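These are my notebook entries on a single structure. I set down what I looked up, in the order in which I looked it up.

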Amino acid sequence: MKRILAEYIWIDGTKPSPLLRSKAKVIHGPIDTLKEIPLWGFDGSSTNQASTGSSDCVLQPVFFCPDPIRGGDNILVMNEVLNADGSIHSTNTRAELRSIAQKFEHEEAWFGIEQEYTLFNSIKPLGFPDHGFPEPQGKYYCGVGAGRSYGRDIVERHATACLNAGLGLSGINAEVMPGQWEYQIGPLSPLDVADQLWISRWLLERIAEDNQVRVSFDPKPIKGDWNGAGAHTNFSTRAIREPGGMKYIEAACKKLQTYHAQHIPLYGHGNEDRLTGHHETCSIREFRYGISDRGASVRIPLAAAQAGCGYLEDRRPAANCDPYQVCGAILQTVCGNW
Ligand code: ADP
Ligand code: MN
Ligand code: MN
Ligand code: MN
């Protein structure tokens, strides 16, 4: 038996938006199945998850993949946080998605999440000058070349790391504001997409850390005439994907409309600064859906409208959303009755 490093990753209790934490354990490898990975613990009083007097929290491994940073047989392990007595910790949002996903397993739901983010050098996004502002938006989206693209080395390293970890990365692109980028994870089942999105965020933080570049998931990192950062969540069920699926897409849009007010609190902190009705968003106070409409809350992609089936895109989630909560809300709304 060989000894490997298993990097245990979990979501902490920082408010209003949690942070990722991780630490490594030497275990016997190589690891083939989840149940070979032992439970572990941490000091919850240092992560806003417990008091000093009763500080132990438990890490329950729920997903693992090859560690593309260390390579070899080393692994990354995503965890749920439990209390010392084995009950579900109040910060553990995955547990609820676990039961919702099981309830609607027969619907064969798929999610694909477009994760936008902004790379910061000290206090300014990459590409912003020390004083004043860069040239207005227009040339940066999918831009190439000096003066148009900033931070590509990190973006490329991250994409390669996601692929080497075996994550369901489906693409990368430069966004509308300088220093702002996107990658997509999916389509995958609800728990897989959310676990993998959290792991991909950890990889991004870890790789950017090497350059001492800060990753911001703030939905509106720069106020004014600069695009915000979202996490468009694409969704389908088997019925939506099959011929005749358009009537299920329309029914789904109507249900999402009915429960708009219940969704917004779960879609990321500070999203009101982003969902203004400008910069390819719909106002947070309204809900509209439409074919090919990037000013709608939910967009039906043109290809889906033409094919009569496919998927819908919920454009409301912010870049800093918790995918366990967003996927749970959408599943529960569309497949159940909220
Ligand atoms: P856009 O920028 O045009 O909104 P992207 O290409 O960035 O679109 O993202 C669309 C995402 O939709 C893909 O990355 C994929 O993960 C997801 N997707 C594709 N087909 C489906 C489907 N049937 N169900 C759920 N998600 C899907
Ligand atoms: Mn996209
Ligand atoms: Mn985008
Ligand atoms: Mn999109």
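**Entry 1: a salt bridge at R238.** I began with R238, whose side chain meets that of E108 in a salt bridge, with 3.1 Å from N to O. I then located the two partners: R238 belongs to helix α4 (residues 238-241) and E108 to the loop between α1 (94-103) and β6, so this pair ties together parts 130 residues apart in sequence. I note that the model is a predicted one.

I checked accessibility next. R238 has 40% relative accessibility and therefore counts as partly exposed. E108 also counts as partly exposed, at 36%.

R238 also forms a salt bridge with E242, again at 3.1 Å from N to O. For E242 I recorded 35% relative accessibility, which makes this residue partly exposed.

**Entry 2: other salt bridges.** I searched the whole structure and recorded 18 salt bridges. One of interest joins E7 to R70, with the closest N and O atoms 2.9 Å apart. E7 sits in strand β1 and R70 in the loop between β4 and β5, so the pair links distant parts of the chain, 63 residues apart. Are these two partners buried or exposed? E7 is buried, with a relative accessible area of 7%, whereas R70 is partly exposed at 38%.

I also noted a network of salt bridges that links E80, R94, R98 and D195.

**Entry 3: the manganese ion (ligand 4).** I listed the protein donors of this ion as E114 (OE), E114 (OE), H232 (ND1) and E313 (OE), at 2.0 to 2.5 Å. Along the chain the donors follow the spacing E-x117-H-x80-E. E114 lies in strand β6 (residues 110-121) and E313 in strand β14 (residues 312-314), so the pair ties together parts 199 residues apart in sequence. I found both E114 and E313 to be buried.

**Entry 4: the neighbouring ions.** Which residue coordinates both the manganese ion (ligand 4) and the manganese ion (ligand 2)? I identified E114, and the two ions are 3.9 Å apart.

I then turned to the manganese ion (ligand 3), which is coordinated by E116 (OE), E175 (OE) and E182 (OE) at 2.1 to 2.2 Å. The spacing of these donors is E-x58-E-x6-E. E182 bridges the manganese ion (ligand 3) and the manganese ion (ligand 2), which lie 3.9 Å apart. E175 counts as buried because its relative accessibility is 8%, under the 20% limit. E182, at 5%, likewise counts as buried.

**Entry 5: the two domains.** I took the division of the chain as domain 1 (2-92) and domain 2 (101-334). Their C-alpha centres lie 26 Å apart. The contact involves 15 residues from domain 1 and 17 residues from domain 2.

I recorded a buried area of about 1,500 Å² between the domains, with carbon and sulfur atoms giving 80%. L20, F63 and I69 supply 35% of the area that domain 1 buries against domain 2, more than any other three residues.

How many salt bridges are there between domain 1 and domain 2? I counted zero, although two residue pairs are in polar contact across the interface. The elements that give two or more residues to the side of domain 1 touching domain 2 are β1 (2-11), β2 (20-29), β4 (56-66) and β5 (75-83). Of the contributions to that side, β4 gives the most, with four residues.

Methods. Residues are numbered from 1 along each chain as its sequence is written. Chains are lettered from A and ligands numbered from 1 in the order in which they are written. This is a predicted model: local features need pLDDT of at least 70, side-chain atom pairs count only at pLDDT 80 or more; totals for chains, interfaces and linings use all residues. Side-chain values use heavy atoms; hydrogens and water are left out. Donors are N, O and S atoms within 2.8 Å of the metal (3.2 Å for Na, K and Ca); water is not among the atoms, so sites may look incomplete. Buried means under 20% relative accessible area, exposed over 50%, partly exposed in between (1.4 Å probe, protein chains only). Domain bounds come from an automatic or database domain assignment. Contact means heavy atoms within 4.5 Å. Buried area is the accessible area (1.4 Å probe) that two parts lose on being put together, summed over both. A salt bridge is a side-chain nitrogen of Lys or Arg within 4 Å of a carboxyl oxygen of Asp or Glu. A polar contact is a pair of N or O atoms within 3.5 Å; within protein, one must be able to donate a hydrogen and the other to accept it, and residues adjacent in sequence count only if both atoms are side-chain atoms.
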